[in-house]
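This briefing goes through one protein chain by topic. It begins with a strand pairing and then widens to the sheet, the helix packed on it and a few single residues.

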Amino acid sequence: MASSIQQVEGDESVVLRVTHSNLKTFASDIRFSLHLTVEAVKDKLWKKCGTSVNSMHLQLYDDARNKIADLSDHSKPLAFYSPLDGFRLHVVDLDPSSVTSGGWLEDTSLVEKYTISEEAYNKRPDTFRKYKEKFTSQNTVTAEAKIPDDCMGDLSADIKVGSRCEVEPGAKRGVVKFVGRAESLGPGFWVGVQYDEPLGKHDGINFRLCPHFF
């Protein structure tokens, strides 16, 4: 007991690798104060793995996988068992009806999933699909209302295909390849510029704004 107390004074905590009897994929490095009683260690663990304190049995293993002790006395401090960093603390769940049993916490295929038919989903007014359709419709109407069909028509009349130009922002230079309407891009008149350098879409980009010509 004296040696254990000395260890507490010299080293206040330890990092243990925690595993679980029912949760095969559960493995976590957790730091414990050596002052904690075994009961307090269990209380800390149930919040992480779901096994209740009264249904939990703890086993301590060294880094060579040798079993050191069963932590069965709730009143003893963790330091009593002289654990070292890297030792493994194994949780054994003694409750056959525990939430950790059956594998459903790890295997989602065991969990019954809610399903709904396409017809029933389309009838619901509060779905994301309905919101997206409404949002898209409103934005399209707003955008078309803001941009008149003849937008930039007067400026584009002075722009000729083949002209050299400089596009702002960025001072990117190129050659005008297209001037006119492009319904797929939106209302108004568009100017297609092929840059001297491979920038934008297909080595060029469309602009509604008028470039600078030289």
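Val 18 stands opposite Leu 89 in strand 5. The model is a predicted one. Strand 1 and strand 5 are parallel and are joined over four bridges.

**Chain overview**

- The chain has 214 residues, of which 32% count as buried.
- Its secondary structure consists of five helices and 10 strands.
- Among contacts with a separation of 6 or more, 49% are between residues 24 or more positions apart.

- Five strands make up an open sheet in the order 2-1-5-3-4, and the pairing is mixed.
- Strand 2 and strand 4 are the edge strands, each pairing on one side only.
- On average, neighbouring strands of this sheet are turned by 30° against each other, direction ignored.
- Helix 2 packs on the sheet and touches strand 1, strand 2, strand 3, strand 4 and strand 5.
- The direction of helix 2 makes about 105° with that of strand 3.

**Strand 5 and its pairing with strand 3**

- Strand 5 is mostly covered, with five of its six residues buried.
- Strand 3 and strand 5 run antiparallel and are joined by six bridges.
- One of the bridge pairs is His 57 with Val 92 of strand 5.
- Tyr 61 has Arg 88 in strand 5 as its bridge partner.

**Strand 3 and strand 4**

- Strand 3 is largely enclosed by the rest of the structure, because five of its six residues are buried.
- Strand 3 pairs with strand 4 in the antiparallel sense, over four bridges.
- Tyr 61 stands opposite Lys 67 in strand 4, and its bridge partner in strand 5 is Arg 88.

**Helix 2**

- Helix 2 covers residues 38-49, which is 12 residues.
- At 1.5 Å a residue the helix should span 16 Å, and its end C-alpha atoms are 16 Å apart, so the two values agree.
- The buried residues in helix 2 are Val 38, Val 41, Lys 42, Leu 45 and Cys 49.
- These residues cover an arc of only 95° around the axis, which means that they are on the same side of helix 2.
- An α-helix has 3.6 residues a turn, so residues three or four places apart point the same way.
- The cover over the buried residues of helix 2 includes strand 1 (13-20), strand 2 (27-33), strand 3 (56-61), strand 4 (67-71) and strand 5 (88-93).
- Gly 50 follows helix 2 and has a positive phi, near 95°.

**Asp 43**

- Asp 43 is located in helix 2.
- Is Asp 43 buried, exposed or partly exposed?
- Asp 43 is partly exposed, because its relative accessible area is 33%, which lies between the 20% limit for buried and the 50% limit for exposed.
- Asp 43 and Met 56 are 13 residues apart in sequence, and their C-alpha atoms are 9.6 Å apart in space.

**Cysteines**

- Cys 49 counts as buried because its relative accessibility is 5%, and the cut-off for buried is under 20%.
- Cys 165 also counts as buried, with a relative accessibility of 0%.
- How many disulfides are counted?
- The count is zero disulfides, where a disulfide would need a pair of cysteine sulfur atoms within 2.5 Å.

**Gly 186**

- Gly 186 belongs to strand 8, which covers residues 186-195.
- At 19% relative accessibility Gly 186 counts as buried, since the cut-off is under 20%.
- Gly 186 and Ile 147 are 39 residues apart along the chain, and their C-alpha atoms are separated by 8.7 Å.

Key
Residues numbered from 1 in each chain as written. Predicted model: local features only at pLDDT ≥ 70, side-chain atom pairs only at ≥ 80, totals over all residues. Heavy atoms only, no water. Buried < 20%, exposed > 50% of the residue type's maximum accessible area, 1.4 Å probe, protein only. Helix = DSSP H or I, 4+ residues; strand = E, 2+ residues; numbered from the N terminus. Expected span 1.5 Å × (residues − 1). Arc of directions from axis to C-beta. Contact = heavy atoms within 4.5 Å. Pairing = 2+ DSSP bridges. Axes fitted to C-alpha atoms, helices over the stretch in contact; angles between N-to-C directions.
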